[in-house]
Amino acid sequence: MSDSLLIEIEQAGARLSQVREMVARRVIGQADVVDLALAAILSGGHGLLVGAPGLAKTLLVETLGTVLGLDANRVQFTPDLMPSDILGAEVLETAPDGGRAFRFIKGPVFCQLLMADEINRAGPRTQSALLQAMQEHHVSVAGMRRDLPAPFHVLATQNPIEQEGTYPLPEAQLDRFLFQIDVSYPDRDDERAILLATTGAESAVLEPVLNTPDLMAMQSMLRRMPVGEAVVESILDLVRAARPDSGAASDLTDAVAWGPGPRAAQALMLGVRARALLDNRLAPDLSDVAALAGPVLTHRMALNYAARAEGVQLPDLIARLVERELGTAAAA
(Lines give C-alpha, C1' and ligand atoms only; values in the text may rest on other atoms or scores of the structure.)
Protein backbone atom coordinates (compact mmCIF):
# COMPACT_ATOMS: atom_id res chain seq x y z
CA MET A 1 0.00 0.00 0.00
CA SER A 2 1.39 3.39 -1.00
CA ASP A 3 1.86 6.16 1.55
CA SER A 4 -0.58 8.41 -0.33
CA LEU A 5 -3.32 5.75 -0.24
CA LEU A 6 -2.64 5.15 3.45
CA ILE A 7 -3.11 8.87 4.16
CA GLU A 8 -6.31 8.95 2.08
CA ILE A 9 -7.78 6.00 4.00
CA GLU A 10 -6.92 7.53 7.38
CA GLN A 11 -8.37 10.91 6.43
CA ALA A 12 -11.52 9.32 5.02
CA GLY A 13 -11.99 7.28 8.19
CA ALA A 14 -11.79 10.44 10.31
CA ARG A 15 -14.31 12.27 8.12
CA LEU A 16 -16.68 9.32 8.22
CA SER A 17 -16.52 9.27 12.01
CA GLN A 18 -17.82 12.84 11.92
CA VAL A 19 -20.56 11.77 9.51
CA ARG A 20 -21.70 9.00 11.86
CA GLU A 21 -21.70 11.35 14.86
CA MET A 22 -23.77 13.91 12.98
CA VAL A 23 -26.30 11.31 11.78
CA ALA A 24 -26.61 9.93 15.34
CA ARG A 25 -27.90 13.32 16.51
CA ARG A 26 -31.16 12.66 14.70
CA VAL A 27 -31.28 8.90 14.00
CA ILE A 28 -31.10 7.30 17.45
CA GLY A 29 -30.48 3.64 18.18
CA GLN A 30 -29.96 2.40 14.62
CA ALA A 31 -26.16 2.38 14.40
CA ASP A 32 -25.99 -0.83 12.35
CA VAL A 33 -28.62 0.43 9.91
CA VAL A 34 -26.76 3.74 9.52
CA ASP A 35 -23.48 1.94 8.88
CA LEU A 36 -25.03 -0.32 6.24
CA ALA A 37 -26.67 2.64 4.48
CA LEU A 38 -23.37 4.52 4.52
CA ALA A 39 -21.53 1.42 3.28
CA ALA A 40 -23.97 1.11 0.36
CA ILE A 41 -23.41 4.73 -0.63
CA LEU A 42 -19.63 4.54 -0.21
CA SER A 43 -19.65 1.44 -2.42
CA GLY A 44 -21.55 3.34 -5.10
CA GLY A 45 -24.65 1.19 -4.75
CA HIS A 46 -28.25 1.19 -3.57
CA GLY A 47 -29.91 -0.04 -0.39
CA LEU A 48 -33.29 -1.63 0.37
CA LEU A 49 -34.56 -0.72 3.84
CA VAL A 50 -37.03 -3.31 5.17
CA GLY A 51 -38.91 -2.63 8.38
CA ALA A 52 -42.22 -1.79 9.99
CA PRO A 53 -43.57 1.78 9.79
CA GLY A 54 -42.22 4.37 12.20
CA LEU A 55 -38.64 3.09 12.50
CA ALA A 56 -36.97 6.24 11.08
CA LYS A 57 -36.34 4.90 7.57
CA THR A 58 -37.48 8.14 5.93
CA LEU A 59 -35.69 10.20 8.55
CA LEU A 60 -32.48 8.28 7.90
CA VAL A 61 -32.51 9.05 4.17
CA GLU A 62 -33.29 12.73 4.74
CA THR A 63 -30.50 12.95 7.32
CA LEU A 64 -27.97 11.24 5.07
CA GLY A 65 -28.81 13.63 2.25
CA THR A 66 -28.08 16.61 4.49
CA VAL A 67 -24.95 15.28 6.16
CA LEU A 68 -23.39 13.95 2.95
CA GLY A 69 -24.22 17.15 1.07
CA LEU A 70 -26.32 15.37 -1.55
CA ASP A 71 -29.29 16.67 -3.51
CA ALA A 72 -32.07 14.41 -2.20
CA ASN A 73 -35.63 13.75 -3.38
CA ARG A 74 -38.41 11.53 -2.09
CA VAL A 75 -41.09 9.67 -4.03
CA GLN A 76 -44.04 7.99 -2.33
CA PHE A 77 -44.79 4.96 -4.48
CA THR A 78 -48.45 4.09 -5.07
CA PRO A 79 -50.24 1.65 -7.42
CA ASP A 80 -51.23 4.49 -9.78
CA LEU A 81 -47.73 5.97 -10.04
CA MET A 82 -46.60 6.11 -13.68
CA PRO A 83 -43.03 6.03 -15.03
CA SER A 84 -43.34 9.66 -16.12
CA ASP A 85 -44.12 10.62 -12.52
CA ILE A 86 -40.58 9.72 -11.50
CA LEU A 87 -38.61 10.09 -14.75
CA GLY A 88 -40.19 13.25 -16.09
CA ALA A 89 -41.97 14.04 -19.35
CA GLU A 90 -41.92 16.29 -22.38
CA VAL A 91 -44.56 19.00 -22.52
CA LEU A 92 -45.60 21.13 -25.47
CA GLU A 93 -45.10 24.82 -24.77
CA THR A 94 -46.25 27.83 -26.75
CA ALA A 95 -43.78 30.71 -26.97
CA PRO A 96 -44.90 34.39 -26.88
CA ASP A 97 -44.37 34.56 -30.66
CA GLY A 98 -46.76 31.67 -31.18
CA GLY A 99 -44.13 29.05 -31.85
CA ARG A 100 -44.40 25.67 -30.22
CA ALA A 101 -41.71 23.38 -28.92
CA PHE A 102 -41.33 20.45 -26.57
CA ARG A 103 -39.56 21.00 -23.26
CA PHE A 104 -38.42 18.23 -20.96
CA ILE A 105 -39.44 18.58 -17.32
CA LYS A 106 -37.23 16.50 -15.08
CA GLY A 107 -38.82 14.08 -12.64
CA PRO A 108 -37.69 13.51 -9.05
CA VAL A 109 -35.25 10.77 -10.15
CA PHE A 110 -32.91 13.54 -11.28
CA CYS A 111 -31.15 13.86 -7.95
CA GLN A 112 -28.18 12.36 -6.14
CA LEU A 113 -30.05 10.50 -3.42
CA LEU A 114 -33.55 9.23 -4.14
CA MET A 115 -35.78 7.82 -1.44
CA ALA A 116 -38.23 5.39 -3.04
CA ASP A 117 -40.77 5.01 -0.26
CA GLU A 118 -42.72 1.73 -0.26
CA ILE A 119 -41.24 0.79 -3.62
CA ASN A 120 -43.24 -2.43 -3.88
CA ARG A 121 -46.51 -0.50 -4.10
CA ALA A 122 -45.68 0.70 -7.63
CA GLY A 123 -46.72 -1.30 -10.68
CA PRO A 124 -44.26 -3.29 -12.81
CA ARG A 125 -43.93 -0.53 -15.44
CA THR A 126 -42.79 2.00 -12.87
CA GLN A 127 -40.52 -0.51 -11.17
CA SER A 128 -38.83 -1.32 -14.48
CA ALA A 129 -38.32 2.39 -15.21
CA LEU A 130 -36.56 2.82 -11.89
CA LEU A 131 -34.54 -0.34 -12.57
CA GLN A 132 -32.94 1.26 -15.63
CA ALA A 133 -32.06 4.35 -13.62
CA MET A 134 -30.52 2.25 -10.83
CA GLN A 135 -28.41 0.12 -13.15
CA GLU A 136 -27.52 2.44 -16.01
CA HIS A 137 -27.57 5.84 -14.23
CA HIS A 138 -29.54 7.30 -17.11
CA VAL A 139 -33.14 7.22 -18.31
CA SER A 140 -34.79 7.21 -21.72
CA VAL A 141 -37.70 9.57 -22.32
CA ALA A 142 -39.22 10.08 -25.77
CA GLY A 143 -36.34 8.12 -27.27
CA MET A 144 -33.72 10.44 -25.78
CA ARG A 145 -31.06 9.39 -23.28
CA ARG A 146 -30.83 11.69 -20.29
CA ASP A 147 -28.01 11.14 -17.80
CA LEU A 148 -28.65 11.31 -14.07
CA PRO A 149 -26.50 13.39 -11.72
CA ALA A 150 -23.39 11.81 -10.24
CA PRO A 151 -23.31 10.22 -7.80
CA PHE A 152 -26.75 8.61 -7.95
CA HIS A 153 -28.07 6.37 -5.19
CA VAL A 154 -31.46 4.89 -4.34
CA LEU A 155 -32.48 4.04 -0.80
CA ALA A 156 -35.83 2.29 -1.07
CA THR A 157 -38.15 1.15 1.70
CA GLN A 158 -40.47 -1.82 2.04
CA ASN A 159 -43.01 -2.64 4.71
CA PRO A 160 -42.71 -6.39 5.39
CA ILE A 161 -46.04 -6.52 7.22
CA GLU A 162 -48.51 -5.10 4.71
CA GLN A 163 -48.52 -7.07 1.46
CA GLU A 164 -52.04 -6.37 0.17
CA GLY A 165 -52.04 -4.22 -2.95
CA THR A 166 -48.30 -4.57 -3.52
CA TYR A 167 -46.20 -5.79 -6.43
CA PRO A 168 -43.23 -7.84 -5.20
CA LEU A 169 -39.99 -6.65 -6.73
CA PRO A 170 -38.67 -8.99 -9.44
CA GLU A 171 -35.42 -10.82 -8.75
CA ALA A 172 -33.61 -8.73 -11.37
CA GLN A 173 -34.40 -5.52 -9.49
CA LEU A 174 -33.68 -6.99 -6.07
CA ASP A 175 -30.25 -7.95 -7.36
CA ARG A 176 -29.54 -4.28 -8.14
CA PHE A 177 -29.70 -3.42 -4.45
CA LEU A 178 -26.28 -3.82 -2.89
CA PHE A 179 -27.70 -4.58 0.56
CA GLN A 180 -31.02 -5.48 2.12
CA ILE A 181 -30.99 -3.51 5.36
CA ASP A 182 -33.38 -4.90 7.98
CA VAL A 183 -34.58 -2.19 10.35
CA SER A 184 -35.66 -3.57 13.72
CA TYR A 185 -37.34 -2.04 16.75
CA PRO A 186 -35.09 -0.07 19.14
CA ASP A 187 -34.35 -1.36 22.61
CA ARG A 188 -35.87 0.31 25.69
CA ASP A 189 -33.01 2.73 26.35
CA ASP A 190 -32.87 3.88 22.74
CA GLU A 191 -36.63 4.27 22.59
CA ARG A 192 -36.51 6.40 25.72
CA ALA A 193 -33.85 8.59 24.10
CA ILE A 194 -36.02 8.88 20.97
CA LEU A 195 -39.01 9.85 23.07
CA LEU A 196 -37.15 12.64 24.85
CA ALA A 197 -35.38 13.92 21.73
CA THR A 198 -38.43 14.12 19.46
CA THR A 199 -41.20 15.46 21.71
CA GLY A 200 -39.49 18.59 23.04
CA ALA A 201 -39.40 22.12 21.74
CA GLU A 202 -35.97 21.80 20.15
CA SER A 203 -34.71 19.43 17.46
CA ALA A 204 -31.20 18.39 16.53
CA VAL A 205 -29.41 20.73 14.14
CA LEU A 206 -27.63 19.03 11.26
CA GLU A 207 -24.70 20.37 9.27
CA PRO A 208 -23.14 18.99 6.09
CA VAL A 209 -19.92 17.10 6.79
CA LEU A 210 -19.12 16.08 3.20
CA ASN A 211 -19.91 17.45 -0.23
CA THR A 212 -20.26 15.77 -3.62
CA PRO A 213 -16.55 15.91 -4.58
CA ASP A 214 -15.58 14.55 -1.13
CA LEU A 215 -17.96 11.60 -1.45
CA MET A 216 -16.93 10.77 -5.01
CA ALA A 217 -13.25 10.89 -3.99
CA MET A 218 -13.99 8.42 -1.18
CA GLN A 219 -15.86 6.13 -3.57
CA SER A 220 -12.90 6.15 -5.93
CA MET A 221 -10.42 5.57 -3.12
CA LEU A 222 -12.47 2.68 -1.76
CA ARG A 223 -11.94 0.71 -4.98
CA ARG A 224 -8.17 1.06 -4.51
CA MET A 225 -8.29 -0.23 -0.95
CA PRO A 226 -6.38 -3.53 -0.69
CA VAL A 227 -8.20 -6.78 0.00
CA GLY A 228 -6.24 -9.80 1.21
CA GLU A 229 -6.27 -13.07 -0.69
CA ALA A 230 -7.89 -14.88 2.24
CA VAL A 231 -10.83 -12.44 2.18
CA VAL A 232 -11.22 -12.78 -1.60
CA GLU A 233 -11.28 -16.56 -1.37
CA SER A 234 -13.75 -16.50 1.53
CA ILE A 235 -16.10 -14.31 -0.51
CA LEU A 236 -15.95 -16.77 -3.41
CA ASP A 237 -16.39 -19.77 -1.10
CA LEU A 238 -19.44 -18.25 0.59
CA VAL A 239 -21.23 -17.10 -2.56
CA ARG A 240 -20.60 -20.29 -4.49
CA ALA A 241 -21.63 -22.48 -1.55
CA ALA A 242 -24.99 -20.68 -1.40
CA ARG A 243 -26.01 -21.93 -4.85
CA PRO A 244 -28.13 -25.09 -5.09
CA ASP A 245 -25.97 -26.60 -7.86
CA SER A 246 -22.64 -25.88 -6.18
CA GLY A 247 -22.18 -29.42 -4.87
CA ALA A 248 -20.95 -28.02 -1.53
CA ALA A 249 -22.80 -28.09 1.78
CA SER A 250 -25.58 -30.09 0.15
CA ASP A 251 -27.58 -30.49 3.35
CA LEU A 252 -27.97 -26.69 3.37
CA THR A 253 -28.23 -25.86 -0.32
CA ASP A 254 -30.81 -28.59 -0.88
CA ALA A 255 -33.19 -26.08 0.73
CA VAL A 256 -32.33 -23.33 -1.80
CA ALA A 257 -34.46 -22.77 -4.90
CA TRP A 258 -32.07 -20.27 -6.47
CA GLY A 259 -28.90 -18.71 -5.19
CA PRO A 260 -26.78 -15.58 -5.54
CA GLY A 261 -25.02 -14.63 -8.78
CA PRO A 262 -21.72 -12.83 -9.32
CA ARG A 263 -23.25 -9.51 -8.19
CA ALA A 264 -23.34 -10.92 -4.66
CA ALA A 265 -19.57 -11.43 -4.73
CA GLN A 266 -19.11 -7.94 -6.15
CA ALA A 267 -21.31 -6.50 -3.40
CA LEU A 268 -19.31 -8.30 -0.72
CA MET A 269 -16.00 -7.17 -2.25
CA LEU A 270 -17.07 -3.52 -2.11
CA GLY A 271 -19.01 -3.81 1.14
CA VAL A 272 -16.17 -5.28 3.19
CA ARG A 273 -13.93 -2.39 2.13
CA ALA A 274 -16.60 0.14 3.14
CA ARG A 275 -17.12 -1.55 6.51
CA ALA A 276 -13.40 -1.52 7.21
CA LEU A 277 -13.22 2.15 6.25
CA LEU A 278 -16.10 3.01 8.58
CA ASP A 279 -14.24 1.22 11.39
CA ASN A 280 -11.02 3.15 10.66
CA ARG A 281 -9.20 0.02 9.50
CA LEU A 282 -6.79 -0.11 6.57
CA ALA A 283 -8.09 -3.37 5.09
CA PRO A 284 -11.06 -5.72 5.55
CA ASP A 285 -10.91 -9.10 7.25
CA LEU A 286 -13.08 -12.21 7.53
CA SER A 287 -15.29 -10.66 10.20
CA ASP A 288 -16.45 -8.13 7.59
CA VAL A 289 -17.46 -10.93 5.22
CA ALA A 290 -19.41 -12.66 8.01
CA ALA A 291 -21.13 -9.42 9.06
CA LEU A 292 -22.25 -8.55 5.51
CA ALA A 293 -23.31 -12.05 4.45
CA GLY A 294 -26.91 -11.47 5.58
CA PRO A 295 -27.42 -8.02 3.98
CA VAL A 296 -25.85 -9.22 0.71
CA LEU A 297 -27.38 -12.70 0.37
CA THR A 298 -30.87 -12.41 1.89
CA HIS A 299 -32.51 -10.80 -1.16
CA ARG A 300 -30.46 -12.85 -3.62
CA MET A 301 -31.64 -16.28 -2.45
CA ALA A 302 -34.95 -18.08 -2.10
CA LEU A 303 -35.96 -21.22 -0.23
CA ASN A 304 -37.74 -23.98 -2.09
CA TYR A 305 -41.20 -25.19 -1.19
CA ALA A 306 -40.01 -28.17 0.84
CA ALA A 307 -37.77 -26.00 3.02
CA ARG A 308 -40.54 -23.46 3.64
CA ALA A 309 -42.91 -26.27 4.56
CA GLU A 310 -40.39 -27.50 7.13
CA GLY A 311 -40.12 -24.04 8.65
CA VAL A 312 -36.57 -23.29 7.51
CA GLN A 313 -35.71 -19.59 7.87
CA LEU A 314 -33.39 -17.96 5.35
CA PRO A 315 -31.39 -15.93 7.93
CA ASP A 316 -30.69 -19.12 9.87
CA LEU A 317 -29.56 -20.92 6.72
CA ILE A 318 -27.21 -18.04 5.81
CA ALA A 319 -25.78 -18.06 9.33
CA ARG A 320 -25.07 -21.78 9.04
CA LEU A 321 -23.42 -21.24 5.65
CA VAL A 322 -21.21 -18.53 7.15
CA GLU A 323 -20.23 -20.81 10.02
CA ARG A 324 -19.43 -23.66 7.65
CA GLU A 325 -17.49 -21.65 5.07
CA LEU A 326 -15.75 -19.08 7.27
CA GLY A 327 -15.60 -20.96 10.57
CA THR A 328 -14.18 -19.44 13.73
CA ALA A 329 -11.89 -17.11 11.77
CA ALA A 330 -14.86 -14.89 10.97
CA ALA A 331 -15.50 -14.22 14.63
CA ALA A 332 -11.91 -13.17 15.34
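Student: Leaving aside its neighbours within four places in sequence, which residues is Gln 180 in contact with?

Tutor: This is a predicted model, and Gln 180 lies in strand β9, residues 179–182. Its side chain also makes a polar contact of 3.0 Å with the side chain of Asp 182. With neighbours up to four places away set aside, the contacts of Gln 180 are Leu 48, Val 50, Pro 295, Thr 298 and His 299.

Student: Does Gln 180 count as buried or exposed?

Tutor: The cut-off for buried is under 20% relative accessible area. Gln 180 has a relative accessibility of 14%, so Gln 180 counts as buried.

Student: Which residues does Gln 158 touch, not counting residues up to four places away in sequence?

Tutor: Gln 158 is found in strand β8. At 16% relative accessibility, Gln 158 is buried. Those it touches are Leu 48, Leu 49, Val 50, Gly 51, Lys 57, Ile 119, Asn 120 and Leu 169.

Student: How many Å apart in space are Thr 157 and Met 225, C-alpha to C-alpha?

Tutor: In sequence, Thr 157 and Met 225 are 68 residues apart. In space, their C-alpha atoms are separated by 30 Å.

Student: Which residues of the largest nonpolar core touch the most other members?

Tutor: Nonpolar side chains tend to be buried together in soluble globular proteins. The largest nonpolar core here has 76 residues, and the ones that touch the most other members are Leu 60, Leu 64, Phe 179 and Met 301.

Student: Which helix gives the most to this core?

Tutor: The contribution is ten residues, from a helix spanning 262–278. That helix is α11.

Student: How many residues does the second, separate core have?

Tutor: Among its members are Leu 48, Val 75, Ile 86 and Ala 129. Leu 48 is also one of the contacts of Gln 180 and one of the residues touched by Gln 158. The second core has 28 residues.

Student: Which residues is Leu 60 in contact with, leaving aside its neighbours within four places in sequence?

Tutor: Leu 60 is among the residues of the largest core that touch the most other members. Its contacts beyond four places in sequence are Val 23, Val 27, Val 33, Val 34, Ala 37 and Leu 49.

Student: Why do the buried residues of α14 line one face of the helix?

Tutor: Helix α14 covers residues 314–326 and reaches 18 Å from its first C-alpha to its last, close to the 18 Å expected. Its buried residues include Leu 314, Leu 317, Ile 318, Leu 321, Val 322 and Leu 326. Seen down the axis of α14, the buried residues line one face because they fall within an arc of 140 degrees.

Student: What kind of aromatic pair do Phe 104 and Phe 110 form?

Tutor: A search of the whole structure finds one aromatic pair. Phe 104 is buried at 15% relative accessible area, and Phe 110 is buried at 10%. Their rings are 5.8 Å centre to centre with 70 degrees between the planes, and the pair is edge-to-face.

Student: What is omega for the peptide bond from Ala 150 to Pro 151?

Tutor: Most peptide bonds are trans. Pro 151 lies in the loop between β7 and β8. The bond from Ala 150 to Pro 151 is cis, with omega near -5 degrees.

Student: What is the phi of His 137?

Tutor: His 137 lies in the loop between α5 and β6. At 31% relative accessibility, His 137 is partly exposed. Its phi is positive, in a residue other than glycine, and is near 60 degrees.

Student: Where is Asn 280, a residue other than glycine with a positive phi?

Tutor: Phi of Asn 280 is near 60 degrees. Asn 280 counts as partly exposed, at 47% relative accessibility. Its place is in the loop between α11 and α12.

Notes: Residues are numbered from 1 along each chain as its sequence is written. This is a predicted model: local features need pLDDT of at least 70, side-chain atom pairs count only at pLDDT 80 or more; totals for chains, interfaces and linings use all residues. Side-chain values use heavy atoms; hydrogens and water are left out. Helices (H or I, at least four residues) and strands (E, at least two) are DSSP runs, numbered from the N terminus. Buried means under 20% relative accessible area, exposed over 50%, partly exposed in between (1.4 Å probe, protein chains only). A polar contact is a pair of N or O atoms within 3.5 Å; within protein, one must be able to donate a hydrogen and the other to accept it, and residues adjacent in sequence count only if both atoms are side-chain atoms. Contact means heavy atoms within 4.5 Å. The expected span of a helix is 1.5 Å times one less than its number of residues. The arc is that of the directions from the helix axis to the C-beta atoms. A nonpolar core is a set of buried Ala, Val, Leu, Ile, Met, Phe, Trp, Tyr and Cys residues joined through side-chain atoms within 4.5 Å. Rings of Phe, Tyr and Trp (its six-membered ring) pair if their centres lie within 6.5 Å; planes under 30 degrees apart count as stacked, over 60 as edge-to-face and the rest as tilted.
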